[in-house]
Amino acid sequence: MRARRLVAFVAVLCVALSASIARAQSLLVPMDDAQRNHLKAYGLAFEAIKASQRAEWFLNYRGGSFLLPDAATLRRKAALDGVSVEPVTDAAVASIRAELAGGNMDAVVLERAPRIAIYRPVDQPPWDDAVTLALTYAGIDFESVWDDEVLQGDLSKYDWVHLHHEDFTGQFNKLYLAYRDAPWFIAQRQRDEATARKFNLPHVPALKKAVADGIRTFVEKGGFLFAMCGATESLDLGMAAFNVDMTGPFSDGTPVDPDADARMDWSRSFAFTGAHIESSPYVNALSDIDGHQVNVPARRQPLGSFSLFDFSAKLDPVAAMLVQNHRAVLPDFFGVTTSFNKAVLKPGVTVLASEEGAPWVKYIHGDYGQGSWTFLGGHDPEDAQHAIGSAPTDLSLHPNSPGYRLILNNVLFPAAKKKPRKT
Amino acid sequence: MVAALLALLTLTIGTAAPLRAQDPSPADAISEALAHEDARRWPAAAAAYRRILARVLTSGDEGDLIALSLLGLERVWHESAQRDSMLPVVEEVLRARPSDPVARTIQFRALSIASRDDDLARAFADWRRASPGEAAPWREYVRTLMGMGRPLAADSALAQARVALGRHPDLAGESAQIAATLERWHDAAGAWRDAIAVQPWMETAASFSLQRATAPSRDSVRTVLLAPPVVLGARRLLATLETTWGDPRRGWAALSALSVDDSTRAAWTEFGDRAEVMNAWAVARDVWEALYAHGGDATIGVRAAQAAFNAGDATAALALVERAGKGMSDEERARRVLPVAVRALGELGRAEEAARRVEEAGRHLDVDARADLARPLVGAWLRAGNVERARETAERAGALDDDATIGWLALYEGNLVEARRRLVRATARDAALTDALAVLARTRADTNRGLGDAFLTLARRDTAGAERRFAALADSLADAAPVLLATAARLAARSGEPVRAMRYWERIATQHASAAEAPEALLEWARALAKAGDTAAAAARYESLLIDHPGSAMVPQARRELERLRGRVPGTD
């Protein structure tokens, strides 16, 4: 009888052991050099939280790894997307947690898939948007919004809004200098003028400033904003110039206010203060916020590389989330606005990345009202000199792009369970 | 260094008048300074150069001594971090020689290094006053501004120069460089065209400058360089740019319009050589053919034929080599024309004629030449479907120790053991050999006449017939069925029969799911389905490949195509 019980016990033990070997309790998604596709890994994490599965982000652990449940759907998606996953047992997870507790690392629970909107026109201009490319490639859901939606207050439906290339001062990025006869430019101008008329606004600068103010209100009420390239600089200028004429006659029919610099209300802006407005219509720059001035040949500064700062995962988890990466030094890339001069940064802005020895920074973050914003200079991390009309970047050729990881960090950051910042 | 400079000095100042009776000669004085410099004795070298300058300026003697001393001082003080010391010395020289170009250039350099922009502008004004109507002050000032990273200021200075001097040819190079720096490609191309018209040696600089033009700007450059009148410099520049931009065909289009003279022939020859290096054989053929038509010798004609053959145009190769051979002696024809002609005839399946020609030239061919011709001749017989004559030719030419030739013959005869043994040792690897080895590695059969027939049919360029034979063999040669079906599928696709190809791939994926060819079959099947518009079925095949064959080399490609199918990455089709 005892022998039979022993046999039964051993049999049960064997079954249990074989079951645990066949299926671990969790999947660790490493984000260091062991990962074959870093960008798709974010899509896998997003898929998990979208399906209301528990997901955690291990900050500073193996490049900012994710811990997901060992679900068949996730395993299949990982296999299809080429994402490296490591099945781990509860004991192994406990060991990892002990390691997290002992160093500059932490675990952040990803609660809920953020509702994402990308501000972009319906008729696609002859340039692309790194965030649209990244989200599409990673398989992260998003919706598109444009001026009508912003002015109608629809941004409140979303947790996260992204801006890329729009000129919120209403000067069409001064592209009329070179492209005023291009069909896409004419169409863009006509579209914006029609929208301004629809909302009883006198001209395009007034329209874009109203949109900028709508975005400011979205952040003030708790939204997350991520902006890249020219949208960073022009959004702050558009907000600060809400009551100032900073645009030339080509866009609003009146000359620039000669006291525009002095009359800017920088209390309305997110990141910058005291910038000088570039009032010449023949100089393709909006202000002196950008350190590189790529479209002004005589002022253009060469590209270098920028370094991500280290933050305390336990004390400063937000900043730490935004810089999770498997590379600390990244090659720089141009954009309509490539970088941000330190001299015009507001006090209190958190610098996330900068170029050593340069008077500019690359990647900044801050709070505004109940929400927060993040600005990343440059257009496309994998195409350092992306020009109008260039083919969009094929991210399947850059699955380990550290630059694109910065964008995707921002996408997942609103999903994190809120922890009060301790510094 | 000292020895070399001394030699130069002997030539340049050896004939100058002695400074004073008790002083060393100019050559000795300069050599003493150079010796100090070479020994890195900077203070002694500087003192020596200063002494020479003082003597020359006092005595009123002029010439190269001033330039040599100033340049020497500039080097020495640069090395000893005393650049500031240069300015007072230069100013002393300029008081005596206000238009001295070397002193002025050094003054500009010193002021720009010290970032003394206002003084630089004043120095420029002084030089202009001292040398009215000359281009040198403008040119040096513009160069200095460019060196300071101020292209817009340089551009403004050039605009003033145009007002003061008109369009001066000595400033064309600077105009071009500034326009290129400011990315005004149309202007840059025009300025470079003007510059190389008077200073042809600047063509290389022009090419480096303009090759940076972005793809959308290149049409502007083309328009300028193609504009009438048709001149060699501009056309040669454009041809160089086009080859750099990856389009040698357009390069040849630019050059071919030139009227023919010795310079044009030289430009064409250089371009033909470059086209060959780029493996642009069709372009090379056209270049050599044009040269041959305009008085080129037989060597050029044979090069044209060889280029045509390499471009896959056996008919043209034969015609060209025949033309080139006219007027040659029989011996010369055998040596130069026959190799190309036999290869071309072989490609065209005219084995009898190829063999006859080799026979006729027999007395002019040594053993090595015969051996070289054996393989194309064997190939010619095989393409004609005559294995016996092919083997006979190989035997007569002593090619029985050639593994590739004998291996292929064995395969065509169905002797798989011999084929396997010889082909694996063949040195020249190509796609056909790889296919044959793949099939041979998958079957244990020792003989199979049907397999030989299938490969022979392929050698005769009967793709459709070969496809049928390979597919039929899949039933009888079961161990090699997947690879035979894959071969049939590839041949069907090559013949423009995608539906038949898809059936073969489907058969491999469903009936031989664990075979090595299964991932390729799934990939090709998915592609065919996607092309037919059935994206859901295509996605399922891609997913099957990714899930069931995760270790396959096809996985990255399948994943990429699946991404494109789902619109996750930009399409390029």
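Two residues are in contact if their C-beta atoms, placed from the backbone, lie within 7 Å. The structure is a predicted model, in which local features need pLDDT of at least 70, side-chain atom pairs count only at pLDDT 80 or more, and totals for chains, interfaces and linings use all residues. Residues are numbered from 1 along each chain as its sequence is written, while chains are lettered from A and ligands numbered from 1 in the order in which they are written.

**View 1. Chain B as a whole.**
Among the contacts in chain B with a separation of 6 or more, 48% are between residues 24 or more positions apart. Chain B has 33 helices and 0 strands. Helices (H or I, at least four residues) and strands (E, at least two) are DSSP runs, numbered from the N terminus. Of the 573 residues in chain B, 43% are buried. A residue is buried if 20 or more other C-beta atoms lie within 10 Å of its own, exposed if 12 or fewer, and partly exposed in between; these C-beta atoms, too, are placed from the backbone.

How many of the 13 residues of α14(B) are buried? The count is 11, so the helix is largely enclosed by the rest of the structure. Among them are B:Arg235, B:Arg236 and B:Glu242, as well as B:Leu237 and B:Leu238. The cover over the buried residues includes α11 (185-198), α12 (203-210), α13, α15 (248-256) and α16 of chain B. Just after α14(B), B:Gly246 has a positive phi of about 90°.

B:Pro229 sits in the loop between α13 (218-226) and α14 (232-244) of chain B. The peptide bond between B:Pro228 and B:Pro229 is cis, with omega about 0°.

**View 2. B:Phe271 in helix α16.**
B:Phe271 belongs to helix α16 (residues 262-277) of chain B. Is B:Phe271 buried or exposed? B:Phe271 is buried, because 25 other C-beta atoms lie within 10 Å. Leaving aside neighbours within four places in sequence, B:Phe271 contacts B:Ala239, B:Gly251, B:Trp252, B:Leu255 and B:Val287. B:Thr240 is 31 residues away along the chain, yet its C-alpha atom and that of B:Phe271 are separated by 8.2 Å.

**View 3. Two residues with positive phi.**
A:Arg62 lies in the loop between β2 (55-59) and β3 (65-69) of chain A. Its phi is near 50°, a positive value in a residue other than glycine. A:Arg62 counts as buried, because it has 20 C-beta neighbours inside 10 Å. B:Ser115 is in the loop between α6 (101-113) and α7 (117-130) of chain B. B:Ser115 is not a glycine, but its phi is positive, at about 55°. B:Ser115 is exposed, with 9 other C-beta atoms within 10 Å.

**View 4. The five-stranded sheet of chain A.**
An open sheet of 5 strands runs in the order β4-β1-β3-β2-β5 (chain A), with antiparallel pairing. The edge strands, β4 (86-88) and β5 (106-110) of chain A, each pair on one side only. Two strands pair if DSSP finds at least two bridges between them. From one strand to the next, the twist averages 30°. Strand β1 (residues 26-29) of chain A is antiparallel to β3(A), with 4 bridges. Here A:Ser26 stands opposite A:Pro69 in β3(A). Helix α4 (residues 90-102) of chain A lies across β1, β2, β3, β4 and β5 of chain A, at about 120° to β5(A). Axes are lines fitted to C-alpha atoms, for helices over the stretch in contact, and angles run from 0 to 180 degrees between N-to-C directions.

**View 5. Strand β8 of chain A and its partners.**
Both faces of strand β8 (residues 160-163) of chain A are covered. A:Trp160 and A:His162 are buried on one side, A:Val161 and A:Leu163 on the other. Strand β6 (residues 116-119) of chain A runs parallel to β8(A), joined by 3 bridges. A:His162 is the bridge partner of A:Ile118. Strand β9 (residues 224-228) of chain A also pairs with β8(A) in the parallel sense, over 4 bridges. A:Trp160 stands opposite A:Phe224 in β9(A).
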